[in-house]
Amino acid sequence: MRLFHVKHYDVVVIGGGHAGTEAAAASARMGAKTALVTLSQAGIGVMSCNPAIGGLGKGHLVREIDALDGVMAQAADRAGIQFRLLNRKKGPAVQGPRAQIDRKLYRQAIQAALSAQQNLDIVVGEAIDFLRINGRVAGVTLEGGAEIRCHAVVLTAGTFLNGLIHIGDSRKPGGRTGDAPSLRLAARLAELDLGRGRLKTGTPPRLNGTTIDWARVEMQPGDSDPTLFSFLSAGTLVRQVSCGITHTNPLTHEIVRNNLNKSAMYGGHIEGVGPRYCPSIEDKIVRFSEKSEHQVFLEPEGLDDTTVYPNGISTSLPAEVQIAYVRTIRGLENVGILQPGYAIEYDFFDPRGLSPAMEVRAAPGLYFAGQINGTTGYEEAAAQGLAAGLNAAAAALGKEPVHFSRTSSYIGVMLDDLTSRGVTEPYRMFTSRAEFRLSMRADNADQRLTPLGIAAGCVGERRRVAFDQKASALASAREALDSVMLTPHQIMAAGLKQSQDGVRRSAFQLLAFPDVDIAAVEAFCPAFAAFGGDIKDQTAKDALYAQYLGRQSADVAALQRDEGIRIPADIDYCAIAGLSTELRQKLSRHRPADIAKAGKIEGMTPTAVSLVLAFLRRADRRSAAK
């Protein structure tokens with residue numbers, strides 16, 4: 001990978017964050033000559049907020065990125081210092097891998113991956129304008145006047161477009177702390193008339209870990225059997241650590257409450273809408289006033305870094321107030337603050353102006369990915385970058401677009417949500433957003449998407465071979481289990497519960513029984529015992545959900561038939577049991593005329609639509625009975 005300016009590329013990617021690195025790598029894997037334009041080569045792969053990757057819904061996205069040979073999963077596995085599988089007590093479909101990450105190791109892993117990537121160059125500079133030829137975006141102009149021509153541009157501006165950092169009543173321009181915002185590019189984008197708004201996000205103060213009284217906080221180790229992100233990873237590579245857990249208390253809340261007028265958000269200095277599911281400590285105190293405490297996770301930022309990220313107390317209060325409330329928290333009574341927390345607001349553009357390929361309809365040749373589309377989170381940004389990079393390269397090389405369906409991928413769910421529903425607040429991925437989540441598990445992301453990547457030409461030989469071997473093993477395991485048919489008497493003779501219904505069942509069907517483990521099935525099917533643990537585990541999960549998938553498809557089909565049902569204008573959404581407060585508020589505000597329009601409201605899930613439908617049907621029955 002060379003460091004210099006050139007005249008022409010197939011694809012130019014602007015921005016070296018999670019969306020930009022994934023877009024550049026994806027484009028290059030497709031065979032497109034690609035340039036990554038960044039303000040600083042050293043800043044490529046920087047984790048600007050929390051030192052963690054994955055989680056509920058987010059972990060699914062990381063696995064899907066990996067299935068298409070992306071870089072995030074393998075970098076996270078190389079830098080992971082604690083791995084945990086969330087929702088372990090729930091079904092496999094909604095379990096999400098998560099890892100604490102060493103910031104320095106992650107940045108090094110990303111930079112190493114890009115350095116090894118063929119067809120990819122880095123250009124250090126600031127993009128300030130677009131070149132347009134015959135109505136198409138056909139290149140970028142850099143600070144100083146240098147021009148780079150190309151067939152497609154992927155813009156991943158993060159929080160840099162008109163970025164403004166707030167600490168109390170103090171404001172300064174910035175894309176993140178220590179970095180200048182992008183003002184001229186923001187002005188040029190405003191001329192496209194795409195529909196623009198302001199969003200905000202925030203960070204907590206960074207703490208000096210040597211000043212934390214770790215003996216006074218609860219310690220949370222990682223899983224003893226780590227669940228990694230990449231399908232190619234064999235195990236952890238660096239020392240594993242524990243995180244700390246502590247809590248705010250009434251005194252903490254009193255200090256925050258007494259200083260709300262000094263907060264940038266509550267003092268009226270911020271116009272942008274913040275993330276609902278990652279609220280600041282100010283938001284928590286106001287919105288959840290009945291709570292006397294809130295959990296705070298003390299997350300190490302690296303193995304050789306004493307900095308600790310206190311997840312759960314992001315803020316835009318003045319620095320002196322931050323010190324006061326942080327020191328009321330158990331274990332943090334004498335803590336030193338290395339960097340105050342801050343809020344940052346920035347421009348985003350209505351993603352409904354994008355095609356499903358992430359191309360700006362009003363500016364052909366220009367693709368958007370990441371927070372510029374109104375999303376929040378590393379994983380959401382990286383997944384968009386992957387999609388935009390693949391499609392920009394496909395367009396440059398004269399190939400068919402790469403389409404992600406919401407029926408087979410979380411990436412498809414997110415892209416469809418963004419381009420068809422838009423956003424009114426930072427978009428975050430949840431498993432509840434996916435109608436087909438029972439079949440879209442984190443563990444089978446490669447089965448769902450690697451064939452798509454192979455067909456598109458973005459999957460390397462190592463992954464293709466590994467995938468073919470795994471697919472063959474899964475098919476053989478299923479064949480072995482299906483070949484063994486058991487009577488109820490045989491099943492009961494093994495000490496397993498079974499009704500005497502006379503129905504013969506395969507060993508594969510037996511795997512779905514709640515009181516049956518893999519060892520019990522191996523006794524009936526010795527051939528199954530010969531397969532590796534990962535093959536047996538995934539086969540067991542396939543068996544668990546097999547009986548539900550047909551029903552799930554039928555439910556979705558029925559829901560589609562119901563979309564024309566009218567909704568009374570005076571419906572009381574607060575009376576619908578099971579609806580979240582968020583959706584009650586949105587439905588009451590928008591007053592959709594029918595089920596189809598209700599389904600398109602941002603954040604609306606198939607389950608929520610079903611609750612509205614059931615409420616309407618009960619009302620109809622009561623009315624008919626009168």
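This is a predicted model: local features need pLDDT of at least 70, side-chain atom pairs count only at pLDDT 80 or more; totals for chains, interfaces and linings use all residues.
Visitor: Why is Leu-366 called buried?

Guide: Leu-366 has 0% relative accessibility. Buried means under 20%, so Leu-366 counts as buried. Leu-366 is found in strand β21, residues 366-368.

Visitor: What does Leu-366 touch, leaving out residues up to four places away in sequence?

Guide: Leu-366 touches Phe-130, Val-137, Val-153, Leu-155, Leu-189, Leu-192, Met-358, Glu-359 and Val-360. Leu-366 and Val-154 are 212 residues apart in sequence. In space, their C-alpha atoms are 6.0 Å apart.

Visitor: How do you know whether Met-358 is buried or exposed?

Guide: The relative accessible area of Met-358 is 1%. The cut-off for buried is under 20%, so Met-358 is buried.

Visitor: Where is Arg-591, and what is its phi?

Guide: Arg-591 is found in the loop between α17 (581-590) and α18 (595-599). Its phi is positive, about 45 degrees, and Arg-591 is not a glycine.

Visitor: Why is Arg-591 called partly exposed?

Guide: Its relative accessible area is 36%. Buried needs under 20% and exposed over 50%. Arg-591 is therefore partly exposed.

Visitor: What makes the pair of Phe-349 and Phe-368 tilted?

Guide: The ring centres are 5.9 Å apart and the planes stand at 45 degrees. Rings pair if their centres lie within 6.5 Å. Planes under 30 degrees apart count as stacked, and over 60 as edge-to-face. At 45 degrees, the pair is therefore tilted.

Visitor: Which parts does this pair tie together?

Guide: Phe-349 lies in strand β20 (residues 342-349) and Phe-368 in strand β21, so the pair ties together parts that are 19 residues apart in sequence. Both Phe-349 and Phe-368 are buried.

Visitor: How many aromatic pairs does the structure hold?

Guide: Three. One of them is formed by Phe-528 and Phe-531, and that pair is tilted, with 6.4 Å centre to centre and 45 degrees between the planes. Phe-528, at 0% relative accessibility, counts as buried. Phe-531, at 21%, counts as partly exposed, because buried means under 20%.

Visitor: Why are helices α2 and α11 called oblique to each other?

Guide: Helix α2 (residues 58-67) and helix α11 (residues 445-456) pack at about 40 degrees, with their axes 8 Å apart. Roughly parallel needs under 35 degrees, and roughly perpendicular runs from 65 to 115. The helices are therefore oblique. Arg-63, Glu-64 and Ala-67 of α2 make the contact with Ala-445, Asp-446, Arg-448, Leu-449 and Thr-450 of α11. By class, that contact has three nonpolar, one polar and four charged residues.

Visitor: Why are α11 and α12 also called oblique?

Guide: The axes of α11 and helix α12 (residues 461-482) cross at roughly 135 degrees and come within 11 Å. Roughly perpendicular ends at 115, and roughly antiparallel needs over 145. So α11 and α12 are oblique to each other. Residues of this contact include Pro-451 and Ile-454 of α11 and Phe-467 and Leu-474 of α12. The contact divides into five nonpolar, two polar and three charged residues.

Visitor: Which hand does each crossing have?

Guide: α2 passes α11 in a right-handed crossing. α11 passes α12 in a left-handed one.

Conventions
Residues are numbered from 1 along each chain as its sequence is written. Side-chain values use heavy atoms; hydrogens and water are left out. Axes are lines fitted to C-alpha atoms, for helices over the stretch in contact, and angles run from 0 to 180 degrees between N-to-C directions. Helices (H or I, at least four residues) and strands (E, at least two) are DSSP runs, numbered from the N terminus. A crossing is left-handed if the near helix is turned anticlockwise from the far one by less than a right angle, and right-handed if clockwise. Contact means heavy atoms within 4.5 Å. Ala, Val, Leu, Ile, Met, Phe, Trp, Tyr, Cys and Pro count as nonpolar, Asp, Glu, Lys and Arg as charged, and the others, Gly among them, as polar. Buried means under 20% relative accessible area, exposed over 50%, partly exposed in between (1.4 Å probe, protein chains only). Rings of Phe, Tyr and Trp (its six-membered ring) pair if their centres lie within 6.5 Å; planes under 30 degrees apart count as stacked, over 60 as edge-to-face and the rest as tilted.
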